[in-house]
Each structure stands twice: as structure tokens, then as C-alpha cells.
Amino acid sequence: MTVDWWTLGLQAVNVTVLIWLLARFFWRPLAAIVEERRKIVAATLSEAEAKKAEATAEAAKIAETRAGLAAEREAMLAAAREAAEAEGRRLRDDAARDIAAAREAARDQIEKDGIAARGVWAAQAGQLALGIAARLTGRLAPAPLFQSFLTGLAEAARALPPELRAGAIAEESEIAIESASPLDEAAQAACRDALSLALGGTPRLSFRVEPALIAGLEAHGPHFVISNNWRADLARIEAELNHDRAS
Amino acid sequence: MTSPLESVALFHLGPVPVTAAVLVTWGIMLALALGGFFLTRRLSLRPTRVQALLETVVETLDGQIEETMRVPAAAYRPFVGTLFLYILTANWSSLIPGVEPPTAKLETDAALALLVFIAVIVFGIRAGGVRGYLASFAAPNPIMIPLNFIENITRTFSLLVRLFGNVMSGVFVIGIVLSLAGLLVPIPLMALDLLTGAVQAYIFAVLAMVFIAEAVGEAEHRPSQQRKDP
């Protein structure tokens, strides 16, 4: 048995070269691609873990937001309920105030209407009284009634201030005597006598008829008017009635 | 029939005789190198079936290295993997009619054993330095230095003899049976030879890993133990 040392050496070199060749063209590329894939898988897994953690955090945040929304909704509902109740209270208060004001206004209006109605009634009553008085005077005897009115007229003339009385009996002055019905000569003479006596002189008189007086006389001097008739009396009564209602 | 122990030169390159084993080895080198180049030319992150198979081979080899040597596989992958691929291819080259596997020749197995012997030294020195590697011969105590040295030589020879004996005997038996019984009779023996070839390639690679791991481990641990001991 012999050993071919050349062959041994050649084979050693051959296998060494093969080791280098395969290391360069086979093992290294395969190991590199395996390592690259391992890194990519690791990176992908890390990324997936990160995404999962991120998704979990997002889910937690969404759940928190959802819970916050529910709480906010409850708060908004409570606020809206409270506002509605406040608005309702305000509206009820306003309505109560309006009703009270309307009631007060109605009461005032009713009172005003009552006052106006009473005025109308008083006016109508006055008219009725005038009518009644006119009818009654028609039934009374004219002479005593005239004498009574003339006496009152003379007393009122006598009560005038002296300068008015003096003015009334002056030559240029004239006193107009109004009566509800025409006066005859005797009645006119009686008027002239009573006034001369009351004024302290003889006044110049004129006579005219004023049916509105109902009954009685009315003297129109230069600066005075003396009324002694039922129209004046009724007017005075009406004025007093109105004064009583107003007070 | 020529003796399997003899290497006949087919031709000479100057003073260098080129035997059939060398020629077949060149063919194997060419096939493996070109195959490796073309198979890894278009690797992608989405592997084809072929790429997936190749990656499985790499990952299996890495797992075997890390399991056996307890170190990262990257530094030892080319040496151990190429030894395995070459021996496997060489053993299975007997399937090609007229081709005698290079591993059936003593010189090829001796060259492989010599490479393992050198690799043990290189990886041992790389791991623990020259002193660390030399100190590993004194484990567990200096008395073991001669025995460890002899062990290094003898285990290299055991590698050589184991591979040569198994492959050469297979080829020899098939040759004898073929000369006696005819064309089809040796086929079961050839199938058995395939199994033997794969097992021998695996054993050679595993033993190479064990020897390298022993040297690397001893070289790495020895200096620290020396530092600890006053």
C-alpha cells in the first residue's frame, strides 16, 4: 500500500477551495436571506405588537370617550331638563303675572265701566227727573210758583256786591229776565218792583222766554247772572252727584 | 480489477499526477459550486420550493452545529456544511456508472482528515489564542499532555480509516458481486451503499464538529481556569 502524496495534497487543496466556493456562493447567501427574513419577521412582529398595543390603547381611549360621551349626554340632558323646568317656571310666573295684570286691568275696566254706566244712568236719571219736574210744574199753580222764584231772585240780587248792584241800575245797563213761559204785565211789574227794591234803584229790564229753564227765572246783568230756576237747580244737583261719584 | 488501495494516475500536469479521485473531485466541485451559485442567484423573501428546501438544509445544519458545539453556527457552517455536502456527493457519485467515489481512495479521506486536524487547530487558536489552545492539551492535568496529543493524531486517523473503510468496502463488495453475479444483483447493495454513504457523511461531519467543539471549548475555558488558580 502506497500513499500518493500529490493526490493527498491536491484533494486537500480541492476541498479547501470547495469550502471557500460554497461559503462564498452557497452558505453565505442562504444564511443572509434567512437572517434577513428573520429580522423582517421580528420587525413585523414588533410592529404588530406595537400596532396591537396602539389598537388596544385606541380601544381604551374610545371606550373612555364613549363613557365620557354618555356622561356628557347625561349632563346635557340634566342641564336641558333643568333649563326646561326653569323656563317652565318662568313661563308660569309670567303667565301668573300676566293673568294678575289682566285681572287687575279687567277689574279697573269693570270699575271704569261701572262708573261710566253710573254716569250714564245718572244723566238719564237727571233727564228723567227733568221730565218729571216739567210735568209736575205743569200741574202746579203758576202764581205762587212765580212769586217763590221771584223772591229768591230778588234775594240773590240783594246779596250782590254794591258795585254790581250799582252797575245794574246804571242808565246804560239792561237786565234781561228769562222765564220758562211768557210773563204777563203783572208778572213783569212784579219783577220790576222786586228788583228795584233789591238793587236800590230802578233797573232797565227786558223779558224773553227760555223753555229750558223748566220753571223759574234767570237774570242776565252786565256783569252777573242770577239763576233761580229748576234747570239751574237740577244742574247743581247733577254736579253734586258727579262730585260724589268722583270722590 | 485494480486494488482499491492503489491510485492510478490518469494523466500528469507537470510533475503532478492527476488521479480519477482528483478528477471526480473537480467534477463534484464544479457541480456543487455551479449548483450553489445558480440556486442562490435569485433568492427572495418569498421563497420558492427549492429555496425553502435549501433554507431548511441551512437551518437544519445550523441547528445541528449549535446543538453539538453549543456555539453560534455562523463561523463553522461553511466548513462543516461543505464537508458534509462533499462527502455525501462523493459517496453517492458511485451511482454514476464508471465513476468511483473519491472517498473510496485513501488520499481523499486522508486529505479530509487532515483538513479536520488543521481546522481543530485553527478554530482552537481562534477561540483561545495559541496559549489557550496549547493549554487545552494539559486538561484535565499536565500528565495528560502526551495522551491528548496522541489522541489528536489517532482520532484524525480514526476519521480517515472509518470513512475509507466504509466507502471502499462498499465499492469493493459491489465490484466483487458485479463481477460474479451480473448486472442487476448489486442493486440492493448499491442502495445500501447510498445509506452507508449518507450515514458516513453525517458521522464525519458530526465528529468534525465534536473535535472542533472540544478544542474551542477547552481553549476558551482553559485561560480563565488558569487565572482563577493561584
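How far apart do the end C-alpha atoms of residues 111-134 of chain B lie, and what share of the span is helix? The end C-alpha atoms of this span are 24 Å apart, and the span is 100% helix and 0% strand. The model is a predicted one, in which local features need pLDDT of at least 70 and side-chain atom pairs count only at pLDDT 80 or more, whereas totals for chains, interfaces and linings use all residues. Residues are numbered from 1 along each chain as its sequence is written, chains are lettered from A and ligands numbered from 1 in the order in which they are written, and side-chain values use heavy atoms, with hydrogens and water left out.

Chain B contains 6 helices and 2 strands, where helices (H or I, at least four residues) and strands (E, at least two) are DSSP runs numbered from the N terminus. Along the sequence these elements follow the pattern β-β-α-α-α-α-α-α. The C-alpha trace of chain B spans about 70 × 50 × 40 Å along its principal axes. Of the 230 residues in chain B, 43% count as buried, a term that stands for under 20% relative accessible area, with exposed meaning over 50% and partly exposed in between (1.4 Å probe, protein chains only). Chain B exposes about 12,100 Å², of which carbon and sulfur atoms supply 70%; accessible areas come from the Shrake-Rupley method with a 1.4 Å probe, and for residues only the protein chains shown count as cover. Contacts are defined by heavy atoms within 4.5 Å, and among those in chain B between residues at least 6 apart in sequence, 67% join residues at least 24 apart.

In an unreviewed UniProt entry, the feature "transmembrane region" is placed at residues 20-39, 79-99, 111-134, 163-187 and 199-217 of chain B; UniProt positions are given in the numbering used here, feature names are shortened, and annotations may be inferred rather than shown by experiment. For residues 20-39 of chain B, the end C-alpha atoms lie 28 Å apart, and the span is 100% helix and 0% strand.

One residue of chain B can be followed in detail. B:L159 belongs to helix α5 (residues 145-181) of chain B, and B:L159 is buried, with a relative accessible area of 1%. When residues up to four places away in sequence are not counted, B:L159 touches B:A113, B:V116, B:F204, B:L207 and B:F211. The C-alpha atoms of B:L159 and B:A110 are separated by 8.4 Å, although the two residues are 49 residues apart along the chain.

Chain A is divided by its domain assignment into domain 1 (1-139) and domain 2 (141-246), the bounds coming from an automatic or database domain assignment. The centres of the two domains of chain A, taken over C-alpha atoms, are separated by 97 Å, and the contact between them takes 9 residues from domain 1 and 7 residues from domain 2. Within chain A, an unreviewed UniProt entry annotates residues 6-27 as "transmembrane region", a span that is 100% helix and 0% strand, with its end C-alpha atoms 29 Å apart. The UniProt annotation "coiled-coil region", also from an unreviewed entry, covers residues 38-89 of chain A; this span is likewise 100% helix and 0% strand, and its end C-alpha atoms lie 74 Å apart.

Chain A also holds an open sheet of 4 strands in the order β2-β1-β3-β4, with mixed pairing, two strands being paired if DSSP finds at least two bridges between them. Strands β2 (205-209) and β4 (225-229) of chain A stand at the edges, each with a single partner strand, so one side of each is left without a neighbour in the sheet. Strand β3 (residues 216-220) of chain A pairs with β4(A) in the antiparallel sense over 5 bridges, and these two strands form a hairpin with 4 residues between them. In this pairing, A:E218 stands opposite A:S227, and the bridge partner of A:L217 is A:N228. On the other hand, β1(A) and β3(A) pair in the antiparallel sense over 4 bridges, with A:A219 as the bridge partner of A:I177. Strand β3(A) is mostly covered, 4 of its 5 residues being buried.
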